[in-house]
Amino acid sequence: MHTPSSRRRFLALSAAATATAATTLTGCALQVAGAATGGEGITVMASLDDVSAQLIQQARRDLGITITVVASDLTRLIAMLTNGEPPDLVRGVGALDAPFFAARGVAENLDPYFARSTVLKADDLDPANDVWRWDGTTQGKGPRYGMAKDFSQDAMFWYNTAQFDRAGVEPPSATEPVTYERWLDDARHLVRRKNGQTTVYGGSYNGLGLPGLFTNLTAAAGGSLFSPDFSRVDFTTPEARRALTWYVDYAKTRVGPSLIQPNPDSWDGPTYVAGRMAMSGNGYWLGGMINAEPTVARVSRLAPAPVFEGGPRISSCQAATGMWMPKKARNKDAAWRFFEWFFGEGPARARASSGWGIPSLTSLRPLMPRKEEYQRRVLAVQQAELRHFSVTPFTPYVKTDAMEALINQVLPAALHGRITVDALAGRLNTVVNEQMKRGKEQVG
């Protein structure tokens, strides 16, 4: 069967989905349960963390809209889009997903919707929402293709003052960033081991995924991981090599979790709250979990994003999770009404007051937790850091999970010391650029 060019362009949304997508696009139509067929009902592809059963009931009461939730799944999304049965809204990570879907012509330009909205006004949108913009070339400019439900400046880090006191290490400043070099040196002094086992991690610094982390670290070193047209990566530039060297050193010293020393808890939150991690490279959002444990919250501090010695001061967002609307969504008016409600009304106010992220509307910032002294202290650091926010653009030519899979294949050899950083950079260029070349061909 002939595959239309618009469908060919949408192949290979990720390495894992390529084979399934190709089969789907060449003739095997999937019947998608729960797709909206008209009226005040919409289908949202999301997780229950974002659209819970309670939220669905509340939307029915407040808006008269029935919500059908389809679990987030890239392969299923491809099938729904290519079979003309797309969700009306899709959960996405703006910092990484927005240029990818916009470049493939499947995401709706939401500028006209924002222009006529009385709930979501352009001058009320926090600049972090700019990660959802793409002008056909560069992320952070042009039309808006989505919106963040909340965000954090993800290169910031939390630290436990009790662990610093125990190790006799001077704590970081609340206003001036430490260098990445000092962060790693502090982690070496803070780590605790017993009988060859790590009992307290000195620090964890893995970002929200290695593609976003390396993009951010390279920018912090004063460069860009991508070529000017975003069609290639170059890990061999001095800035990217500095970023790689730092991370390889971090992993080799085993001060924190990495591919060669996985965290048994699978992520930082439970480990940090249990007092088994002195520093955690996560932004403001982790405070939602920390605040639930007042004993931990009282000894916890949030610090500015580190800088490389001689590098610029930047503090980007590596996620900005939110939603986007497919161009071929069937119930756009109902979807937009839900969008306004979710991002600007009751659910948005509840999220703002929870501490699980900075509100994406500046008018909701007064709702951020500030009742306790430790909350006010964290808030002051976070508000000062907002001045240093910048968009660190990501490529539209490879899905982040596909890039992560490639990095995970190549990186361990360097972490174990079997290859040099230079060899690592070369191998990463080869495997990632091969994938990006295919993505560029599909976009056209």
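Reader: Why is Thr138 called buried?

Author: Thr138 has a relative accessible area of 17%, and buried means under 20% relative accessible area, with exposed over 50% and partly exposed in between (1.4 Å probe, protein chains only), so Thr138 counts as buried. Thr138 lies in the loop between strand 4 (133-134) and strand 5 (139-144), where helices (H or I, at least four residues) and strands (E, at least two) are DSSP runs numbered from the N terminus. Apart from neighbours within four places in sequence, Thr138 is in contact, meaning heavy atoms within 4.5 Å, with Arg133, Phe230 and Pro393.

Reader: What should I know about the origin of these values?

Author: This is a predicted model, in which local features need pLDDT of at least 70 and side-chain atom pairs count only at pLDDT 80 or more, while totals for chains, interfaces and linings use all residues. Residues are numbered from 1 along each chain as its sequence is written, and side-chain values use heavy atoms, with hydrogens and water left out.

Reader: Why does Lys149 count as buried, and which residues does Lys149 touch?

Author: The relative accessibility of Lys149 is 19%, and therefore Lys149 counts as buried. Lys149 sits in the loop between strand 6 and strand 7 (150-151), and, not counting residues up to four places away in sequence, touches Asp50, Thr321, Gly322, Phe342, Phe343, Arg351 and Ser360.

Reader: What makes Phe338 buried, and what surrounds this residue?

Author: Phe338, which belongs to helix 14, has a relative accessible area of 0% and is therefore buried. Beyond the residues within four places in sequence, Phe338 is in contact with Ile42, Val44, Ala59, Leu63, Ile65, Ile67, Leu89 and Met323.

Reader: Why are helix 3 and helix 14 called roughly perpendicular?

Author: Helix 3 (residues 53-63) and helix 14 (residues 332-344) pack at an angle of about 115 degrees, with their axes 11 Å apart. Axes are lines fitted to C-alpha atoms, for helices over the stretch in contact, and angles run from 0 to 180 degrees between N-to-C directions. Angles under 35 degrees count as roughly parallel, over 145 as roughly antiparallel, 65 to 115 as roughly perpendicular and the rest as oblique, and helix 3 and helix 14 are therefore roughly perpendicular to each other. Their contact is made by Leu55, Gln58, Ala59, Asp62 and Leu63 of helix 3 and by Arg337, Phe338, Trp341 and Phe342 of helix 14.

Reader: What makes strand 2 and strand 6 edge strands?

Author: Two strands pair if DSSP finds at least two bridges between them, and strand 2 (66-71) and strand 6 (146-148) each pair on one side only. They belong to an open sheet of 5 strands with the order 2-1-3-13-6 and mixed pairing. Strand 1 (residues 41-46) is joined to strand 2 by 6 bridges, and these strands run parallel, with Ala46 standing opposite Ala71 in strand 2. Helix 4 (residues 74-82) packs on this sheet, touching strand 1, strand 2, strand 3 (89-93) and strand 13 (321-324).
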